[in-house]
Amino acid sequence: MDTVPPSYKGYRYPVEIISHAVWLCFRFPLSFREVEELLFERGVLVSYETVRRWCAKFGQAYANRLRRRRPRPGDKWHMDEVFIKINGQIHYLWRAVDQDGNVLDILVQPKRNTKAAVRFFRRLLKDLEYVPRVIVTDKLRSYGAAHRQVMPSVEHRSSKYLNNRAENSHQPTRQRERAMKRFRSAGSAQRFLSAFSGISPHFRPRRHLMTAPDHRTEMVLRFTIWNQITGVAALPTTA
């Protein structure tokens, strides 16, 4: 397990402020200017451009460290794609989640044909390094063609009624897209959403399945993990 936090050498602000700003950006549907205002209310003078650079610099690093801390995902993968508009052109956000709603990976592509589906399948297998027991998709025929090419031994269930798990996982992304007034390029969308899909779910436990005390206990644990992976927990404490 990676125990070395990111380096903050050369940054004027302490890690507590940087990690808090990144948390605000990826946890809530806030713009960079709104995060700037929230920090200002707490006496922190920082520009929205600095907040944007912090997210670009540390967001993916935090997300990678969170993914390494999570248990191995389930063996049932739900896949779905949703369109996003970038500079007036339609792109597609491909997403895979397991049966517990954990985001496995995302990929922004300009097409949703067989070639795009094959690329997404191979990316998943390379990053996760194991083969699922079953995959669940909607009726898009590209999934079937990619399934036969990449992992024909895996059971494939295709139904528009079985894939609510993946479809519901797109909702936080839509909130972020509105807050950011859409994405400026496919590359920036991929970078932001890749980090977002690793950080946002960490702070979204399945609240409807928990009692209030259990939810508070779970959130304390998750904030403790956040402080560890960002380096806040390594700071010396004062009496």
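## Charges and basis

The model is predicted: local features need pLDDT of at least 70, side-chain atom pairs count only at pLDDT 80 or more, and totals for chains, interfaces and linings use all residues. Residues are numbered from 1 along each chain as its sequence is written, and side-chain values use heavy atoms, with hydrogens and water left out.

## Overall fold

The chain has nine helices and five strands. These are DSSP runs, numbered from the N terminus: helices are H or I with at least four residues, strands are E with at least two. From the N terminus the order is α-α-α-β-β-β-α-β-α-β-α-α-α-α. The radius of gyration is 19 Å, close to the 18 Å that the globule rule gives for 239 residues, so the chain is as compact as a globular protein of that length. That radius is taken over C-alpha atoms, and the rule is 2.2 Å times the number of residues to the power 0.38.

The C-alpha trace spans about 60 × 40 × 35 Å along its principal axes. Contact means heavy atoms within 4.5 Å. Among contacts with a separation of 6 or more, 60% join residues 24 or more positions apart.

## Surface and burial

Accessible surface totals about 13,400 Å², and carbon and sulfur atoms hold 51% of it. Areas come from the Shrake-Rupley method with a 1.4 Å probe; for residues, only the protein chains shown count as cover. Buried means under 20% relative accessible area, exposed over 50%, and partly exposed in between (1.4 Å probe, protein chains only). Of the 239 residues, 48% count as buried.

## Aromatic cluster

Rings of Phe, Tyr and Trp (its six-membered ring) pair if their centres lie within 6.5 Å; planes under 30 degrees apart count as stacked, over 60 as edge-to-face and the rest as tilted. The count comes to 16 aromatic pairs. In one of them, the rings of Phe58 and Tyr62 have centres 6.0 Å apart and planes at 20°, so this pair is stacked.

Both residues sit in helix H3 (residues 48–69), four residues apart, about one turn of the helix. Phe58 is buried at 1% relative accessible area. Tyr62 is buried too, at 0%. Ring pairs tie Phe58 and Tyr62 into a cluster with Tyr8, Tyr11, Trp23, Phe28, Phe203, Phe223 and Trp226.

## Helix H5

Helix H5 (residues 141–150) has seven of its ten residues buried, so the rest of the structure largely encloses this helix. The buried residues are Ser142, Tyr143, Gly144, Ala145, Ala146, His147 and Val150. They pack against strands E1 (76–86), E2 (89–98), E4 (134–137) and E5 (155–158), and against helix H4 (114–128).

## Loop residues

Arg204 lies in the loop between helices H8 (186–199) and H9 (212–230). Arg204 is partly exposed, at 33% relative accessible area. Leaving aside neighbours within four places in sequence, Arg204 contacts Arg27, Pro172, Gln175 and Arg222. Its C-alpha atom is 14 Å from that of Cys25, 179 residues away along the chain.

Two non-glycine residues have positive phi. Asn87 has phi near 50° and sits in the loop between E1 and E2. Asn87 is exposed, at 63% relative accessibility. Glu129 has phi of about 60° and lies in the loop between H4 and E4. Glu129 is exposed, at 70%.
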